[in-house]
Amino acid sequence: MTLCADLRHVIYALSDALDLVGVDDVAHGKRVGIMAAECARVGGYSDEEVSFLFDLGMLHDIGVSSTRTHSHLVETFDWEGSQVHCEVGYALLRGFSPLQPMALPVRFHHTRWEKLVRLDVPPEIKRQANLVYLVDRVDAFSAGHYADNSLLLFTDEIRSKIAEHVGSYFSPELVELFLTASRTEAFWLMLEPRSIQACLNDMQAKSRNYPASTGDLKRLAAIFARIVDAKSPFTAEHSVGVARLARFLAARLGIDAGNCDMLEIAGLLHDLGKLRVPDEILEKPGKLDPNERKIINTHSYETFQILRNIGGFEDIARWAAYHHEEPDGSGYPFHLKADAMPPEARILRVADIFQAMVQLRPYRSGLSDAEVGAFMRELSDAGRVDANIVATLLADLPAARRAACPNCADLLEEAGVAVA
């Protein structure tokens, strides 16, 4: 099977994962993109740059996976440590050629204009970065008014706050551009949920197609896996390990090469939905209470919601979403039974469990071969996982462990993702 997808479509869909970090407000990146593009349009920028600034706004927070960091972004005008996620985003983007032009603007999108203007950076990079910074702060000032639809009552106040920082945080030229663009009610009404979707549809319709190779898709998936795995020190490199082990098992079980590629991508993306889980729940050292468990259990459906919107990812979406389903129907989120689970989904479930057991975590060592073998046999005997897949896993346990727990640098370096 050949995987056919449009890279731009994939990027737009995966940008939803970045917005999940907002937990209760999941449109920050979209609003930043809409405002940046509208300012550029009013300023007479070329159609190409309007489109670029829209995409840049959508992905500007690609270095954010922590809900704590996101709360700073929408609650605080500036804070110590605001540059950290900018450097992370820069490292993620700089080696992936389709997104490489965004790397420097992302790096400097929280740099004050009075400092940025003195850096040896091309003028267009300064303009792009500072415009995104400006409208990013507009969205922070606006955040408290979206839920009750009161934003139009506060637009003069928000415009004045931005004007107060002219020449220090923001370029005088860009402040003037924003003040011109934001005079209209339409500028602010575009930020409402119904309008956001219309803007997304319009921008996607205007965009050129970008047929993606399997290698492009795998590298992009590796970037998003890195974002997910950076969310918690407990899960570092989990997604990469699951992807590698799933591919290893699929090959041993005779799955065709095309589906092995797709399964590897599903493994890289299977935990996207965890970006919406608050940090304190993922990092809780003790047992989760029932409400916390329910919140955790939403993550695989969130993954499905993101991936199902990508043309060509229909199977990938299902396999990734089913990784917590159990053969007797007691899993989640769909409570499927064994006969409704494709072999690839069953493989991913085994890979997910095994990798979590053998990976070194901050609070414990990985299980030994004897321990993990006993654990997997227990799950198999209880009918909670596919017995044939477990038998294949245990037939060459050292090779399975190597697949699940490499240092992961090779795949990440292939994707141009910094591992430091």
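Student: Which side chain meets R247 in a salt bridge?

Tutor: Happy to start there, keeping in mind that this is a predicted model. The nitrogen-to-oxygen distance for the pair is 3.0 Å, and a salt bridge requires a Lys or Arg nitrogen within 4 Å of an Asp or Glu carboxyl oxygen. The partner of R247 is E264.

Student: In which helices do R247 and E264 sit?

Tutor: This pair links distant parts of the chain, 17 residues apart. R247 is in helix α14, and E264 is in helix α15.

Student: Is E264 buried or exposed?

Tutor: Let's take both ends of the bridge. R247 has 27% relative accessibility and counts as partly exposed. E264 has a relative accessible area of 6%, and the cut-off for burial is under 20%. E264 is therefore buried.

Student: Which parts does the salt bridge between D261 and K218 tie together?

Tutor: The side chains of D261 and K218 meet at 3.5 Å, N to O. The two parts are 43 residues apart in sequence. K218, at 15% relative accessible area, is buried. The parts tied together are helix α15 (residues 257-269), which holds D261, and helix α13 (residues 214-229), which holds K218.

Student: How many residues of α14 are buried?

Tutor: Helix α14 has 15 residues and spans 21 Å from its first C-alpha to its last, close to the 21 Å expected. The buried ones include H238, V242, L245, F248 and L249. Helix α14 is mostly covered, and the number of its residues that are buried is 11 of 15.

Student: Why do the buried residues of α23 line one face of the helix?

Tutor: The buried residues of α23 (residues 397-404) are L397, A399, A400, A403 and A404. Seen down the axis of α23, they fall within a limited arc, so they line one face. What covers them includes α14, α20, α21 and α22.

Student: About how many helical turns separate K161 and E157?

Tutor: K161 forms a salt bridge with E157, with the closest N and O atoms 3.3 Å apart. Here K161 is partly exposed at 26% relative accessibility, and E157 is partly exposed too, at 41%. An α-helix has 3.6 residues a turn, so residues three or four places apart point the same way. K161 and E157 are 4 residues apart in helix α9, so the separation is about one helical turn.

Student: Which residue's backbone oxygen lies 3.1 Å from a polar atom of the K231 side chain?

Tutor: K231 lies in the loop between α13 and α14. It is buried, with a relative accessible area of 4%. Among the residues that K231 touches are S66, T67, K274, D279 and E283. The backbone oxygen at 3.1 Å belongs to S65.

Student: What distance separates the C-alpha atoms of T69 and V21?

Tutor: T69 lies in helix α4 (residues 67-75) and is partly exposed, with a relative accessible area of 25%. Along the chain, T69 and V21 are 48 residues apart. Their C-alpha atoms are separated by 9.1 Å.

How values were computed. Residues are numbered from 1 along each chain as its sequence is written. This is a predicted model: local features need pLDDT of at least 70, side-chain atom pairs count only at pLDDT 80 or more; totals for chains, interfaces and linings use all residues. Side-chain values use heavy atoms; hydrogens and water are left out. Buried means under 20% relative accessible area, exposed over 50%, partly exposed in between (1.4 Å probe, protein chains only). The arc is that of the directions from the helix axis to the C-beta atoms. Contact means heavy atoms within 4.5 Å. The expected span of a helix is 1.5 Å times one less than its number of residues. A polar contact is a pair of N or O atoms within 3.5 Å; within protein, one must be able to donate a hydrogen and the other to accept it, and residues adjacent in sequence count only if both atoms are side-chain atoms.
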